[in-house]
Amino acid sequence: MSKISKEHVSSLLNGKCDDIISLMAAANSKRSNSTITYSKNVFLPLTNICRNECGYCTFKKDKNDSDATILMKPTEVMKTMHRADEYGCREALFTFGEHPDDVQQVKIALEELGFESMLNYLHFLCEETLNQTDLLPHSNPGILKKSELKFLREVNASMGLMLETTSQRLMKTVAHEKSPGKDPKLRIETIENAGKLKIPFTTGLLIGIGETVDERAESLLEIRKLHDKYGHIQEIIIQNFKSKPGIPMQDFKEPSLAEMVKMVAVTKMLFPDAGVQVPPNLNRDTTQIFVMAGADDWGGVSPITKDYVNPEAPWPELDELQMITEELGFQMDERLPVYPKFLSEEFLSDKIFEKIGKE
Ligand SMILES: O=c1nc2n(C[C@H](O)[C@H](O)[C@H](O)CO)c3cc(O)ccc3cc-2c(=O)[nH]1
Ligand SMILES: C[C@H]1O[C@@H](n2cnc3c(N)ncnc32)[C@H](O)[C@@H]1O
Ligand code: SF4
């Protein structure tokens, strides 16, 4: 499968009705069992200050905005963490703006707490999480250097970075023109370094931000290439762009159901050895179709926090997810933020391995 050409992938992504139905059936047959996995998580948006300005994002705030979170304090983070622990959550998802400490206000807030940098603070919070709760950290803080990945690996069960797209062209369009951190070269480098360091890794694509079908094919093949080389990709998120009032891309058309179905099915065809996630909260009415097209993971679902990146899209209740899963003849299966095949000393730091091993 890894020898498949870009032309072939593009032609699958351009398929019409009958082709799509065959593609869905083929992708559905690639699943390894009849379970749809999910992770019970808590979302910790440590800061919404970000050096980038993606044309689709409402998460990032300006430092002067009244609703900016310059920095969540340790007491606030750990209070939410303990509540998550009581609810039985197992994943602490640390997602926030990229290089926030380039901004003076964040830098000062960190210094007041005694931290030199955002990543030192993140490391501290991950360690506190491991020491005080049963949750396992999964951090997704944007692009990282190899040394930074190595430092965070000690205290993360897995890490994540959306590739978004391999399209260099989008660096000159409204999607990414103000986002140096979305340069595909830098994102690929981060994912590659995570592979060298044997970090179980979640990545994904954002569909509908101006990329062409060929560029979608190229993006999938790039992830396939990285996974062939390092074997560290645990999950691929196929995320559909949601238009929101006030964003620079508000007039962009959201991807159609057919486009998304083809994308999900082709992803499962190319990655029978990884989870394929379509966020259920962004597809309330169409979620089951993606399962029929080969998706096998619901991602992080939180009983106590919202999706701060898409706050207008509440996560379905677990009961509802269970109903729509079982209606299709599948079973829900809770997973940790690290997939079972990576539960080894090779892919986990001593600290994480010991913590999980004690269960
Ligand atoms: O709830 C969300 N979880 C997001 N997650 C978490 C994800 O849903 C799950 O927690 C992972 O499946 C954990 O393995 C991300 C994880 C990444 O590594 C990279 C990007 C995302 C993006 C989101 C997101 O927009 N919303
Ligand atoms: C955390 C992830 O959320 C995604 N993201 C950011 N903004 C949007 C949007 N408007 N619609 C869908 N996904 C979005 C990006 O892919 C980012 O990496
Ligand atoms: S998507 Fe991430 S990198 Fe882009 S502006 Fe939003 S917070 Fe920053």
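Analyst: Strand β2 (residues 91–95) is largely enclosed by the rest of the structure, because 5 of its 5 residues are buried. Here a residue is buried if 20 or more other C-beta atoms lie within 10 Å of its own, exposed if 12 or fewer, and partly exposed in between, with C-beta atoms placed from the backbone. Helices (H or I, at least four residues) and strands (E, at least two) are DSSP runs, numbered from the N terminus. The model is predicted: local features need pLDDT of at least 70 and side-chain atom pairs count only at pLDDT 80 or more, whereas totals for chains, interfaces and linings use all residues. Residues are numbered from 1 along each chain as its sequence is written, and chains are lettered from A and ligands numbered from 1 in the order in which they are written.

In a regular strand the side chains alternate between the two faces of the sheet. Both faces of β2 are covered, with Glu 91, Leu 93 and Thr 95 buried on one side and Ala 92 and Phe 94 buried on the other.

Two strands pair if DSSP finds at least two bridges between them. Strand β1 (residues 35–44) pairs with β2 in the parallel sense over 4 bridges, and Phe 94 of β2 is the bridge partner of Leu 44. From β1 the chain crosses through helix α3 (residues 74–86) to β2, a right-handed β-α-β crossover; right-handed means that, with the strands pointing away from the viewer, the path from the first strand over the helix to the second runs clockwise. β2 also pairs with strand β3 (residues 136–140), in the parallel sense over 5 bridges; in this pairing Leu 93 stands opposite His 138.

Val 77, Met 81 and Ala 84 are buried in α3. They lie on the same side of α3, because they cover an arc of only 60 degrees around the axis, the arc being that of the directions from the helix axis to the C-beta atoms. Thr 75, Lys 79 and Glu 86 are exposed on the face of α3 turned away from its buried side.

Asn 131 is found in helix α5 (residues 118–132) and counts as exposed, because it has 10 C-beta neighbours inside 10 Å. Its C-alpha atom is separated by 14 Å from that of Lys 79, 52 residues apart along the chain.

A residue is near a molecule if its C-beta atom, placed from the backbone, lies within 6 Å of it. Ligand 1 is surrounded by 19 residues, the closest being Gly 160, Thr 202, Gly 299, Gly 300 and Val 309. At least two residues of this shell come from each of β1, β2, β3, β4 (158–160), β6 (233–240) and β8 (297–301), and β1 gives the largest share, 3 residues. The shell divides into 6 nonpolar, 10 polar and 3 charged residues; Ala, Val, Leu, Ile, Met, Phe, Trp, Tyr, Cys and Pro count as nonpolar, Asp, Glu, Lys and Arg as charged, and the others, Gly among them, as polar. The residues around ligand 3 include Gly 97 and Glu 98.
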